[in-house]
Structures are given as C-alpha cells and as structure tokens.
Amino acid sequence: MSEPHNHRAYPSAPAGAPIKRLLVFAIFFGWTIFSIYVYSRYSQLGDAQAYLTGGYDEYAQGRTLLVTRLATGLRSLLGADLPVHLAFSLFAASGVCYLIAQGDIRGRYRWPLLALLLNPNFGVWASVTGRESLFVGLLAFFMGAVLGHYRRHRLAPIVLALLCLAGMIYIRAPFGAGAALFFLVYLLYAWGPRLRLSIGVQAFFFLLLAAQALLFVWPHIDGYISNEILPQARSYFTVASATTRTWVDLRTTGDLLASLWWALPLSLIGPTPAEVYARPVMLPFFVAGLAVLGLLLHSVYVTVFKARGLLRKILVLGWLPATLVLLVSYVPFGIYNPGSGIRYASCFLLFLVFPSLLLSATVSVGSPAGAPRTDADTGSARVRERASFPADGPGLALNRRQTHRT
C-alpha cells in the first residue's frame with residue numbers, strides 16, 4: 001500500500017566509508033578457522049562433521065540429504081575438510097557483501113551489522129559446513145535484493161528475493177516463513193494501492209486481517225506445533241548432554257505461548273549466569289547473547305522512533321511481525337539446550353539488524369551517485385531523502401532530491 005505525496009526528512013548518515021568486502025571475507029575466514037581449531041575443542045561441530053562424512057542416511061529429510069551430498073561432493077573434489085568449510089563460509093560472506101553493496105551500508109548504520117558479524121553466536125555456525133551457513137547466505141542475498149529494489153525499483157531484485165525465499169523455506173521452513181511475511185508486506189507497499197491512512201489505522205486493519213486468518217488456520221497450526229514441532233524439538237537434545245535443560249517441558253501450543261515471556265529472551269541470550277558458573281567456557285556466548293538482545297532492542301528503537309513515513313510503516317507492519325514469527329518459531333529449538341540454540345539462532349540473526357540497513361539505503365537514495373554523505377553533527381550539509389509517489393500509479397517511486405542545510 002503505497003503512500004500519497006509525503007515529504008518527510010530522514011536522518012542523515014554520518015560520513016564514513018562503507019564496509020569493505022575484504023573485511024567481510026576476512027571476518028568469515030577468521031570465524032571458520034576459529035570454529036574448526038578452537039571452538040571444536042570445547043563443543044562438537046557434530047552436524048558439520050556428519051555432513052562431511054555422509055553421516056545422514058537415505059531416510060533423513062530431503063534438505064539434510066541435499067546438504068550432505070553437497071558437502072561430500074565438495075570434499076571429494078577439494079580433498080579435505082577445511083576447504084569445504086571455507087566454501088560454505090564463502091557463500092555466506094558473498095551474501096553479506098551483496099547486502100552491503102545493495103544497501104550502501106556506511107556511516108553509523110554500519111555498526112549494528114559489524115557488531116553482529118563479530119559476534120560468536122553468529123560467526124561460529126555461519127562459517128562452517130551446514131544448513132546454517134547456507135541459510136545465512138540466502139538471507140543476506142534476500143535482504144540485499146530488498147534493499148536493491150528499494151533503491152532502484154528494478155524487477156531483477158524481486159526475482160532474486162523470491163528465489164532466496166524458496167531456498168530459505170526449504171532449508172528452515174519456520175524462519176523462511178517469517179522472511180516471506182515481511183516480503184509480502186513490503187510488496188504491498190511497493191506495488192499496492194495508495195491509501196491515505198495513518199500507520200495506526202493501517203495497523204488496525206492488518207491486525208484484523210491477521211486475526212481472521214489465524215482463526216481460520218488455528219486448528220492446523222495448533223496441531224502442527226503440538227504434534228510435530230514440540231516433540232521434534234525435544235527429541236533433538238539428549239539428556240546425556242551437560243547443557244541440556246531437562247527441567248524445560250513444552251508439550252502443547254498453550255505451554256509454548258504461556259512461556260514466551262521468559263523462554264524467548266532466555267533462548268535468544270543462551271546460557272544463564274548459573275550455567276556459565278557451572279561451565280565457564282560458555283561465558284563468551286553469554287556476553288554475545290546479551291549483545292544480540294541489545295541489537296534487537298536497538299532495531300526496535302530505530303523502527304519505532306527513528307523511521308518516518310513509508311519507511312516506518314514497512315518496518316512496523318512488516319519487519320516487527322516477521323521478527324516475532326522468527327523468534328517464536330525459534331523458541332522450541334533454542335530453549336532446551338543453549339549450545340544448540342546458538343546454532344539455530346545464527347540462521348536469522350542477520351535479519352535483526354535490518355532496520356538500520358534500510359535506513360542507510362533510504363539515506364543513499366537521496367544522494368546522487370558519488371556524492372558524499374555527510375555528518376549532521378559536524379555542521380556540514382545534511383543529505384536527506386524525500387519520498388514521493390507519482391500521480392499516475394502506485395509504488396515506491398522515490399524523488400531523488402537532496403536538501404542542503406548549512
């Protein structure tokens with residue numbers, strides 16, 4: 001649902017070079033080396049090793065067999081485990097580089113992304129063989145495609161985004177569904193009819209439609225969660241593991257929903273202080289979990305208080321509900337074991353910093369190619385975007401003007 005003519009200024013980005021591709025590849029390379037030669041000494045890279053050795057039989061899920069055949073094929077071609085890990089890491093890093101290039105991520109908007117790339121909860125599993133690194137790469141290409149379409153309004157990024165969504169849904173269906181929800185809302189604003197309604201009114205109608213749809217499909221969702229997701233999540237974690245929380249018992253959808261107030265932040269952070277005390281090696285991941293929670297809260301703050309106009313509606317009505325779907329879907333797999341939870345969370349952590357990336361892309365739309373993006377705090381010119389919509393049709397047609405304030 002596109003907006004009418006609405007001239008609102010967005011916050012200008014401080015001067016700063018974009019994140020270099022070489023730096024991104026170096027970060028992922030470092031995480032691969034760290035994961036194989038350091039992290040594996042204290043915690044198993046069980047799934048990664050099973051993929052490399054063909055440990056999953058023909059009765060495994062199709063997506064598991066696909067990754068297994070890909071990993072074993074690369075291993076037979078490259079002759080060792082490390083090059084295979086680096087190949088998966090390279091795919092994820094390439095997606096992040098594409099994301100940075102499409103969004104022109106620089107200035108203060110680059111720091112949340114850099115903080116995430118340097119976070120071990122993200123880096124360890126995003127840089128080794130497995131579904132996680134494939135999902136991270138697909139998610140990064142998807143986010144880059146959205147930012148590219150937002151800036152240039154071409155069809156090719158939409159096609160790429162749809163292909164990435166198909167891959168994400170195949171690899172991790174619940175997380176892919178969250179990304180698909182966001183993309184649906186984004187397309188409604190990009191291609192839908194123009195509505196002269198406030199964000200509050202639009203949110204009301206969104207909630208009304210969502211409630212009606214949920215009532216219609218709730219019996220199916222309830223059965224799927226209670227009979228498949230929760231039993232499957234419990235079966236993944238052995239009671240023999242020292243880090244498995246045997247006191248957690250989620251058996252019904254009601255149990256899951258009633259426990260979200262404590263299970264969701266606990267799943268996102270990972271180990272508790274008591275678990276860190278019992279196993280000090282988990283301290284870095286406890287600190288990293290707190291950093292992830294901080295990044296999420298920062299993104300919510302940006303969405304609610306910093307974004308304006310159309311951008312705010314895309315984030316409030318698209319990104320926020322999609323993030324909620326991702327987090328709720330993650331809880332059954334993140335609450336039972338903090339070590340395994342870190343692996344599952346690494347898939348979608350990149351999506352948590354999307355608001356800052358979209359703000360950076362919004363500012364770059366208002367700057368001509370090659371023009372410097374200046375710092376508002378230095379008293380220099382502030383480059384701002386004005387969003388406008390043509391009278392002859394809907395869409396995210398952005399008037400690329402710039403207003404200079406001395």
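Helix α10 gives the largest pocket the biggest share of its lining, 14 residues. The model is predicted.

## The largest pocket

The largest pocket holds a volume of about 1200 Å³. Its lining counts 36 residues. Nearest the centre lie Leu181, Ala210, Leu214, Pro321 and Val325. Helices α9, α10, α11 and α15 (309-334) each give two or more residues to this lining.

## The largest cavity

How many cavities of 30 Å³ or more does a search of the whole structure find? The search returns 1. About 50 Å³ of space lies in the largest cavity. Its lining includes Asn121, Ser267, Leu268, Ile269 and Gly270. Val292, Tyr330, Gly341 and Ile342 also line the cavity, as do Ala345, Ser346 and Leu349. Two helices, α12 (260-269) and α16 (338-345), each supply at least two residues of that lining.

## The fold as a whole

The protein has 17 helices and 2 strands. It counts 406 residues, and 51% of them are buried. Take the contacts with a separation of 6 or more: residues 24 or more positions apart account for 76% of them. The accessible surface comes to about 18000 Å². Carbon and sulfur atoms hold 66% of that surface.

## Salt bridges

Side chains of opposite charge can pair when their charged atoms come close. The structure holds 7 salt bridges. The table gives three of them.

| Salt bridge | Closest N and O atoms |
|---|---|
| Arginine 75 and aspartate 81 | 2.7 Å |
| Glutamate 132 and arginine 172 | 2.5 Å |

Start with glutamate 132 and arginine 172, which form a salt bridge with N and O atoms 2.5 Å apart. Glutamate 132 lies in helix α7 (residues 131-152), while arginine 172 sits in the loop between α8 (156-171) and α9 (173-191), so the pair ties together parts that are 40 residues apart in sequence. Are these two residues buried or exposed? Glutamate 132 is buried, at a relative accessible area of 2%. Arginine 172 is buried as well, at 8%. The pair also belongs to a network of salt bridges that links Asp47, Glu132, Arg172 and Arg343.

Arginine 245 counts as buried, with 2% relative accessibility. Glutamate 275 has a relative accessible area of 19%. Buried means under 20%, so glutamate 275 counts as buried.

The bridge between arginine 75 and aspartate 81 has its closest N and O atoms 2.7 Å apart. Arginine 75 is partly exposed, at a relative accessible area of 31%. Aspartate 81 is partly exposed too, at 23%.

## Cysteines

A disulfide is a covalent bond between the sulfur atoms of two cysteines. Cysteine 347 is buried, with 0%.

Which element holds histidine 149? Histidine 149 lies in helix α7. It is buried, with a relative accessible area of 5%. Set aside the neighbours within four places in sequence, and histidine 149 is in contact with Arg154, Pro157, Ile158, Tyr186, Ala190 and Trp191.

Where is arginine 110 found? Arginine 110 is in the loop between α4 (81-103) and α5 (111-117). Its relative accessible area is 18%, and it counts as buried. Arginine 110 and isoleucine 100 are 10 residues apart in sequence. In space, their C-alpha atoms are 8.8 Å apart.

Notes: Residues are numbered from 1 along each chain as its sequence is written. This is a predicted model: local features need pLDDT of at least 70, side-chain atom pairs count only at pLDDT 80 or more; totals for chains, interfaces and linings use all residues. Side-chain values use heavy atoms; hydrogens and water are left out. Helices (H or I, at least four residues) and strands (E, at least two) are DSSP runs, numbered from the N terminus. Buried means under 20% relative accessible area, exposed over 50%, partly exposed in between (1.4 Å probe, protein chains only). Contact means heavy atoms within 4.5 Å. Accessible areas come from the Shrake-Rupley method with a 1.4 Å probe; for residues, only the protein chains shown count as cover. A salt bridge is a side-chain nitrogen of Lys or Arg within 4 Å of a carboxyl oxygen of Asp or Glu. On a 1 Å grid over the protein atoms alone, a cavity is a set of points where a 1.4 Å probe fits but cannot get out, and a pocket is an open set with protein on both sides within 12 Å along at least five of seven lines; lining residues have an atom within 4 Å of a point. Grid points are joined across faces, edges and corners, and a volume is the space filled by probe spheres set on the points.
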